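Open the model in your viewer and keep the selection tool at hand. The tour goes from one selection to the next.

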Amino acid sequence: MTETFHALETSAAMDATRALDTPCLLLDGDKLERNCDRMRERLLSHGVALRPHVKTAKCVEVAVTALRAPAGPITVSTLREAEYFADHGFKDILYAVGMVADKVPRAAQLVKRGIDLGVIVDSVDAARGLVAAAERAGVRLPALIEIDSDGHRAGVTPDDPRLLEIASALGPSLKGVMTHAGESYNCTTVGAIEVMAQHEREAVVNAAKALRAHSHEAPVVSVGSTPTATFARSFEGVTEVRTGVYVFQDLVMAGLGVCSVNDIALSVLATVIGHQREKNWLITDAGWMALSRDRGTARQKVDQGYGLVCDAAGRPLEPLIVADANQEHGIVARRDRGPIDFARFPIGARLRVLPNHACATAAQFPEYQVLREGCALEAWERFSGW
Ligand SMILES: Cc1ncc(COP(=O)(O)O)c(C=O)c1O
């Protein structure tokens, strides 16, 4: 921390963001492109298709950057996302949250508009409900069976007898299998992520084999999480990879070794609004309403509080973190609780905060303020809701 605050004040990024009201969401367009290119090229080199999960950004421009094309296959987590992206020309959409009959009429509207909408189920009841509701709506909704590869959340294991029962209930609607290795977020070493990636792949490949052995067609074999996609040694037998948070990266991913702190494309621009000299705190206007409540790094080796504090140009000011957060107040302290050089951070100074979990922080804002080469600004809309 040797530079003077004056030097930060005159940087190009500072000038570019000075006019913005805070707190607001900054997106480094150059880092975004690098993160997207890295994943796309990696999967291309393994001969497996990328189906980015657009729930992270909920923004057309980011999806287009991920695909390097105006449209392409995408994954969504809400029907609202499916509708929004369909309105913007995306035709191949996987809704990757368990489907139930009540949601079929809304999904059917998309199918009737010519959207190739896939859904997922992990029970016989859901499969029967889906098929019956789709028939009533006059459409067919192709479905993947969700496989549990890590005990994380949903799905059936590849050797569960219900796998074949679900397949029979789906009949001609069966399109394949999918899994999400969400437990990879709890790994403590890269080696453990590699093992998790292997389990993820084997689970769906074995499930697809079991289905095919019983004369069911399973052309789609889908996996995906940013940690496993980053470190998987093989994608043999897999047809597509769904990754989401890699577009922005975040502190949780950095803590896992998936990226470096410098790769994180998203940050919250905040203003210093107070000094608590006795407590060694800076107070900012970015509380948890801006940063989100996510404390994903609390379980990791380095707890980043509510976010890592950077200067206005995005350079980390270690050891400053957002140690605590109220609704509209961020409490910035040194990680070691040592003294802060208050003269460096006068009232009105701008700081940036890198997020623990990019999806959660982005969800707090209606738009991204996009920085290019550290300065030129453009606003990209971000939608929300279900
Ligand atoms: C079903 C499913 N697929 C893929 C993903 C993408 O995971 P990540 O954001 O780690 O790339 C998620 C994320 O929650 C998911 O729920």
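Start with the ligand and select R242: an N or O atom in the side chain of R242 is 3.0 Å from a nitrogen atom of the ligand. Keep in mind that this is a predicted model.

Next, select G244, where a polar backbone atom lies 2.6 Å from an oxygen atom of the ligand. How much of the ligand does the protein bury? Taken alone, the ligand exposes 390 Å², and the protein buries 93% of that.

Now show the 15 residues around the ligand; R153, Y185, T226, G244 and V245 come nearest.

Move on to the largest pocket, with a volume of about 630 Å³. Select H53, K55, R153, H180 and Y185, which lie nearest its centre among the 32 lining residues. Coloured by class, this lining shows 10 nonpolar, 16 polar and six charged residues. Then colour domain 1 (5–28 + 257–377) and domain 2 (53–243): both give residues to the lining of the largest pocket, so the pocket lies between them.

Last, go to the second largest pocket, which has a volume of about 290 Å³. Of its 18 lining residues, select C187, G255, L256, Q300 and K301, the closest to its centre. Which helix gives the most to this lining? Select helix α11 (residues 251–256), which gives four residues. Domain 1 and domain 2 each supply at least three residues to the lining of the second largest pocket. By class, that lining has eight nonpolar, eight polar and two charged residues.

Key:
Residues numbered from 1 in each chain as written. Predicted model: local features only at pLDDT ≥ 70, side-chain atom pairs only at ≥ 80, totals over all residues. Heavy atoms only, no water. 1 Å grid on protein atoms, 1.4 Å probe; cavity = no way out; pocket = protein on both sides within 12 Å on 5 of 7 lines; lining within 4 Å. Points joined across faces, edges and corners; volume = space filled by probe spheres on them. Nonpolar A, V, L, I, M, F, W, Y, C, P; charged D, E, K, R; others polar. Domains from an automatic or database assignment. Helix = DSSP H or I, 4+ residues; strand = E, 2+ residues; numbered from the N terminus. Near = heavy atom within 4 Å. Polar contact = N/O pair within 3.5 Å; in protein donor to acceptor, adjacent residues only side chain to side chain. Areas by Shrake-Rupley, 256 points an atom, 1.4 Å probe, with all protein chains shown as cover.
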